[in-house]
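Subject: Structure for your review

Dear colleague,

Please find below the structure that I am handing over to you. My notes on it follow directly after.

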Amino acid sequence: MRKIVVGAFMSLDGIMQAPGGPDEDPIGGFTFGGWAAPYFDETMTEAVGEMFARPFDLLLGRKTWDIFAAHWPYVDADDPIGPLFDRINKYVATRNPELKLGWQNSHSLGTDVVSGVRKLKSEDGPDLLTQGSTDFLKTLLANDLVDELNISIFPLVLGKGKRLFGDAALPSKLKLVSSKVSGTGVTVNKYVRDGDIVTGSFEFETPTEAELERRRKLT
C-alpha cells in the first residue's frame, strides 16, 4: 500500500496560498504572493531535497497542476527538480472530465476523486506526495487519507488566504518524528499518524461551586 505524504509551506496562521511568487495565486485579493522566497537558505534547500530524494509520484489539485505545468517543463535540463517532475506520474484532482492534461505522465483521478485516491493507495508503488493543493488537501484530510505531513512553518502572519486545515478535517493525533530550524527561522517538521486523540484534565477532581455556576452559564 502506498502512503500519502503532504508537503506544505505554511505561515504561523496556517496560510498556504501562493508561497512561490506574486502571480502564483492572487485569488481572493491575496497580495503577499512569494512570501516564502526570502526565507530560503541552505537548510530549506536541503529539506526540499530530502523530501524529493525518495521515490514518489505527485498528487495534485488542478490549480497547483496548472502552476507546475506552466513552470517545471520549461526549466533548464540541469535543474534538480524540473526533469524529475517531468519523469514521474502526476495524478490530478479535477472536476472537469474534459480537461486536457498535456504535461507528460499526467493522469486525471476521475470524477470520483476520493475513490481514485483510495485505489492509488491500495496499489503497489512509490509514495504519493502532495504539493500546494489546498482545496484538494481538505478533501484528503476530511476522508482520513493522509499518512504523513511535512510542514515548514514560516515566521510570519498573513492574515487571510487559503489555509491548510479546514473545519472538515478529521480529529487525529500526530507524532513529531523530526524537526529542524533554518537560519531564517523556518521550522521544518515531519509528522506521522499516531492514533486517536487522548484528552486529560487540569481541573479539580471535585469542581468548586464557582466552577459549577460557570458551567451552568455556558448552557
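Which residues of helix α4 are buried? In this predicted model, helix α4 spans residues 113–122, and its buried residues are V113, V114, G116, V117, L120 and K121. Viewed down the axis of α4, these buried residues fall within an arc of 160°, so they line one face of the helix. The elements covering them include the strands β1 (4–11), β2 (56–61), β3 (90–93) and β5 (127–131), together with helix α5 (134–142).

I then turned to the salt bridges, of which the count is 16. One of them joins the side chains of E148 and K3, at 3.4 Å from N to O. E148 belongs to strand β6 (residues 148–154) and K3 to the segment before β1, so this pair ties together parts that are 145 residues apart in sequence. E148 is buried, with a relative accessibility of 3%, whereas K3 is partly exposed at 33%.

A further salt bridge links K173 and D194, whose closest N and O atoms are 2.9 Å apart. Because K173 lies in the loop between β6 and β7 (174–181) and D194 in the loop between β8 (187–193) and α6 (209–218), the pair ties together parts 21 residues apart in sequence. K173 is partly exposed, at 28% relative accessibility, and D194 is partly exposed at 31%. Salt bridges with shared partners also connect K3, R54, D127 and E148 in one network.

Finally, the side chains of K119 and E123 form a salt bridge of 2.7 Å, N to O. Here K119 is exposed, at 53% relative accessibility, while E123 is partly exposed at 27%.

Yours sincerely

Definitions and conventions:
Residues numbered from 1 in each chain as written. Predicted model: local features only at pLDDT ≥ 70, side-chain atom pairs only at ≥ 80, totals over all residues. Heavy atoms only, no water. Buried < 20%, exposed > 50% of the residue type's maximum accessible area, 1.4 Å probe, protein only. Helix = DSSP H or I, 4+ residues; strand = E, 2+ residues; numbered from the N terminus. Arc of directions from axis to C-beta. Contact = heavy atoms within 4.5 Å. Salt bridge = Lys/Arg side-chain N within 4 Å of Asp/Glu carboxyl O.
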